[in-house]
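Dear colleague,

I am handing over the structure below, and after it you will find my notes on a few of its details. Please read them with the coordinates open beside you.

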Amino acid sequence: VLPHDPATRTARRPGPARTVMFAFDRSPLAAVAGLGIACLGVLMMGHDTPAQTFVSDRDVAHEIAALDTRFQAAVERNDAATMAGILHPRFELVLGDGRRVSRDELLREARAGESQYERQVEDAGTQAVRVYGDTAVVTARLWLKGRRASGPFEYRLWFTDTYVRTPQGWQYAFGQASLPLR
């Protein structure tokens, strides 16, 4: 019998965490590569796999991909309530110039509407999710376009978002954003 995780109501496989990366690209080559990765994962599981159902790393990766996309959409709308529900209480974002932004600062900026976004979306085909047990890491290229008090802005950047599984579910705990791409 697998240990039960009450936070997600799923059974978890005992033993060392498997590290798996999933890139969400809908091209035929990506589909074949994904099938190959899935087959390799099945082979790596060996014969000790219990008959009980468990949540796969692929399922977790899809859940995290959707959660991160939902977070970006909430930022675009300045939806502080949705952002607060996703952010870990000790969240921190490190910007490309080294500045740090706390959870409270990010939520205050959203509530005040300091940035009005026309776009705050991940570029299609750039998102990749890596699962490490109770931690998941998302990387993607983000397109930002809008207006601040200082004037209009439009740029792209790369980011890394780290999610952790908590008793309340998956939460966005740490982010790092590159400088704007030239």
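To begin with the charged pairs, Asp79 forms a salt bridge with Arg77, and their closest N and O atoms lie 2.9 Å apart. Please bear in mind throughout that this is a predicted model. A search of the whole structure finds eight salt bridges, among them one in which the side chains of Arg99 and Asp97 meet at 2.8 Å, N to O. Of these two partners, Arg99 is exposed, with a relative accessible area of 52%, whereas Asp97 is partly exposed at 46%.

Another salt bridge brings together the side chains of Asp123 and Arg156, again with an N to O distance of 2.8 Å. Asp123 belongs to the loop between strand 6 (116–122) and strand 7 (128–132), while Arg156 sits in strand 9 (residues 151–166), so the pair ties together parts that are 33 residues apart in sequence. Asp123 is buried, with a relative accessible area of 11%, and Arg156, at 31% relative accessibility, counts as partly exposed. Salt bridges with shared partners also bring in Arg141, so that Asp123, Arg141 and Arg156 make up one network.

Turning to helix 4 (residues 103–112), which of its residues are buried? They include Arg103, Leu106, Leu107 and Ala110, and because these residues cover an arc of only 95 degrees around the axis, they are on the same side of helix 4. On the face of helix 4 turned away from its buried side, you will find the exposed residues Asp104 and Ala112. Just after helix 4 comes Gly113, which takes a positive phi of about 65 degrees.

A last point concerns the pairing of strand 7 with strand 8 (residues 135–148), which run antiparallel and are joined by five bridges. Within this pairing, Val129 stands opposite Val138 in strand 8. The two strands, strand 7 and strand 8, form a hairpin with two residues between them, and in the turn Gly133 has a positive phi of about 65 degrees.

Note on methods:
Residues numbered from 1 in each chain as written. Predicted model: local features only at pLDDT ≥ 70, side-chain atom pairs only at ≥ 80, totals over all residues. Heavy atoms only, no water. Salt bridge = Lys/Arg side-chain N within 4 Å of Asp/Glu carboxyl O. Buried < 20%, exposed > 50% of the residue type's maximum accessible area, 1.4 Å probe, protein only. Helix = DSSP H or I, 4+ residues; strand = E, 2+ residues; numbered from the N terminus. Arc of directions from axis to C-beta. Pairing = 2+ DSSP bridges.
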